[in-house]
Amino acid sequence: LARRVARRVNICKCENIKEYYEYLVNNKKEVDILYREFLIGVTRFFRDDEVWETLKKDVFPKLIANAKDGDVLKLWDVACSTGEEAYSFAMCLHEEMDKQHKNLEIKIFATDISQTHLDIGARGIYPESIVADVPKDFLLKYFISKTDGYKVSDRVRSSVIFSRHNIIKNPPFSNMDIVSCRNLLIYFQNGIQKKALNMLHYALKKEGILVLGTSESVHTHKEHFTEVNRKWKIYKNIEPSTRLTIGISHATNS
């Protein structure tokens, strides 16, 4: 945050932070620009290849195998940014479902606090550069080639529901099979980290899977989880939370 503010101070040709504050007070446009600066998303399809290989080998097959035809698999993708990660989950789950000849409904709740990012994800159109990140067979099966890039196929798009949500302030989702919150906790101070982990833990059903960023862990909640993969920060919920410890009611999801 400090680097982003310093950048705007320099661009606006202010002498110091006090002068920039006065500039902000008198210039609503600059407030909007600074807000967008704070919310720059860093994401791509199948970010951290080894994480996805582990999920495809150790998590998705068991999840699909344990489900019965007609079941709904629910996943919450926290801080989804522009949607690449949510669609990566959707493609992998559809792929495993086809492999096992299962007929399941996949619901992925992709949330973020940036409406601009959510709008990009909802459109589902990405530049040609995604060919560097998306396997060729997935590109052919789950995308439609357009003049301006690639559009996510209707089958995958219909599995993802984008909505604005602040994990610290808004009630969490519940009864999720998987919760993914990668590379968000590292930006929080300890107290906020613990609050966010309360939310993530509450959202998971028993045996549900939590996926964190490679520099994160469940350190304050380790008694509630067992490790699926220590290196890639994938955990299984062994002790579900029946109530939130931060005093807000939960959201109900069908």
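**Briefing: strand β2 and its surroundings**

Strand β1 (residues 72-78) pairs with β2 in the parallel sense, over 7 bridges. Two strands count as paired if DSSP finds at least two bridges between them. This is a predicted model: local features need pLDDT of at least 70, side-chain atom pairs count only at pLDDT 80 or more, and totals for chains, interfaces and linings use all residues. Residues are numbered from 1 along each chain as its sequence is written, and side-chain values use heavy atoms, with hydrogens and water left out. Helices (H or I, at least four residues) and strands (E, at least two) are DSSP runs, numbered from the N terminus.

- Of the 8 residues of β2 (residues 105-112), 7 are buried, so the strand is largely enclosed by the rest of the structure. Buried means under 20% relative accessible area, exposed over 50%, and partly exposed in between (1.4 Å probe, protein chains only).
- β1, helix α5 (residues 84-99) and β2 form a right-handed β-α-β unit. Right-handed means that, with the strands pointing away from the viewer, the path from the first strand over the helix to the second runs clockwise.

**The largest nonpolar core**

- The largest nonpolar core has 43 residues, and F45, L55, F60 and F143 touch the most other members. Such a core is a set of buried Ala, Val, Leu, Ile, Met, Phe, Trp, Tyr and Cys residues joined through side-chain atoms within 4.5 Å.
- Elements giving two or more residues to this core include β1, β2, β6 and α7 (136-142).
- Helix α5 gives the most to this core, with 8 residues.
- In soluble globular proteins, nonpolar side chains tend to be buried together.

**The second largest pocket**

- The second largest pocket has a volume of about 330 Å³.
- Its lining has 17 residues, and the closest to its centre are K62, L63, N66, E207 and I209.
- α4 (49-65), β1 and β8 (204-212) each supply at least two lining residues. β8 gives the most, with 5 residues.

**Residue V179**

- V179 lies in strand β7 (residues 176-181).
- V179 counts as buried because its relative accessibility is 0%.
- V179 and L204 are 25 residues apart along the chain, and their C-alpha atoms are separated by 6.8 Å.

Conventions: On a 1 Å grid over the protein atoms alone, a cavity is a set of points where a 1.4 Å probe fits but cannot get out, and a pocket is an open set with protein on both sides within 12 Å along at least five of seven lines; lining residues have an atom within 4 Å of a point. Grid points are joined across faces, edges and corners, and a volume is the space filled by probe spheres set on the points.
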